[in-house]
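This briefing is for a reader new to the structure.

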Amino acid sequence: MFPPSNLSLSDNGEKNGERNGEETCNEPDPAHLPFHVRLPQDSVMNHSLEHDHRDQNSSLDALLLDELKALRARVAELEQEQSDLKIMHDTIVQHADEIEVELQRRYNELQDRNTEIINLNQQLEATKRELQHLVRIDPLTQLANRRYLDVVLEQEWLRLGRDRKPLSLLMADIDFFKPYNDYYGHLAGDQCLIDVAQIFQTSIRRPDDVVARYGGEEIAVVLPNTDQNGAVAVAQKLVQAMVAKQIPHQASPVCDHVTVSIGVATMIPDLKQSVELLLRRADTALYQTKTKTRNGFSVYENTPPSNPDSLAGSEVS
């Protein structure tokens with residue numbers, strides 16, 4: 001049984017609530033309930049709160065465990081990646097050293113091959129020069145050969161024809177060379193050819209002048225940009241050089257040493273004609289020297305060949 005005083009207070013409260021115009025709660029105010037009634041209600045609420053708190057803690061623990069597992073898995077992945085990267089790095093470093101060694105080896109091989117190529121090119125150039133020398137040089141006298149003479153004559157004929165400059169040609173022949181061979185022998189004859197070639201070669205100093213073995217014991221001298229007076233001066237010099245050399249020739253009917261006969265021809269090349277015209281004129285002058293004087297030279301004058309005065313000669317004693 002509740003005490004009457006509490007009931008009256010409740011009634012007064014309701015009356016007071018009605019007087020204030022406020023809605024009143026039908027449920028009793030817990031503050032006015034007896035102590036032994038309010039204690040059970042508080043215990044239930046506390047028990048419920050503790051239960052909820054335990055549930056929340058359990059859920060939080062589960063979440064933390066899941067996150068911890070995920071972090072451990074991620075750490076394991078990162079450690080594996082780090083291990084893989086280290087292996088890759090070590091492999092790259094090892095291969096880089098091997099590659100550097102290989103590159104150095106190949107570079108050295110390339111340097112060796114470049115050196116070999118340079119040496120081969122030098123040998124090739126030397127061989128090329130030697131072949132050019134062999135192609136244009138007479139092997140016995142070391143003068144230009146007939147093939148190179150023809151090339152030079154053709155080139156100078158065209159060049160000087162365009163420039164309207166004179167071109168002179170000397171044709172020389174060793175006097176009585178066949179009797180020399182018969183008397184001294186062919187080896188001595190070859191040496192005589194070599195000696196005469198050296199005399200001619202040392203007497204002709206200008207770079208553009210060419211001394212060539214025309215054939216047998218005949219020697220040709222090409223004198224570009226040289227007029228008749230200059231060609232005559234060269235012919236005189238050659239004849240005098242032969243006299244000064246004094247190569248013995250006991251089989252010669254005209255002298256006791258080797259002599260030469262020379263024909264001189266000078267032209268301003270006419271491009272409408274061939275260089276063969278100059279060759280014929282020099283050969284005609286040579287024939288004149290051999291049939292009349294020997295040991296001297298004749299000059300083909302630039303007049304019609306039918307004129308007997310077209311040839312002038314000189315003999316050296």
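The model is predicted. The count comes to 3 aromatic pairs, and Phe-177, Tyr-180, Tyr-183 and Tyr-184 form one aromatic cluster.

**Ring pairs**

- Phe-177 and Tyr-180 make a stacked pair, because their planes are at 5 degrees and their ring centres 6.3 Å apart. The cut-off for stacked is planes under 30 degrees apart.
- Both residues of this pair, Phe-177 and Tyr-180, belong to helix H4, which spans residues 177-184. They are 3 residues apart, about one turn of the helix.
- Tyr-180 also pairs with Tyr-184: the ring centres are 4.5 Å apart and the planes at 35 degrees, so this pair is tilted.
- Tyr-180 and Tyr-184 are separated by about one helical turn, because they are 4 residues apart in helix H4.

- Phe-177 has a relative accessible area of 8% and is buried.
- Tyr-180 counts as buried as well, because its relative accessibility is 7%. Buried means under 20% relative accessible area.
- Tyr-184, at 29% relative accessibility, counts as partly exposed.

**Charges over rings**

- Arg-294 has its charged end over the ring of Phe-176, 4.2 Å from the ring's centre.
- Arg-136 lies over the face of Tyr-148, and the distance to the ring centre is 5.1 Å.

Key
Residues numbered from 1 in each chain as written. Predicted model: local features only at pLDDT ≥ 70, side-chain atom pairs only at ≥ 80, totals over all residues. Heavy atoms only, no water. Phe/Tyr/Trp six-rings, centres within 6.5 Å; stacked < 30°, edge-to-face > 60°. Helix = DSSP H or I, 4+ residues; strand = E, 2+ residues; numbered from the N terminus. Buried < 20%, exposed > 50% of the residue type's maximum accessible area, 1.4 Å probe, protein only. Lys NZ or Arg CZ within 6 Å of the ring centre and 35° of its normal.
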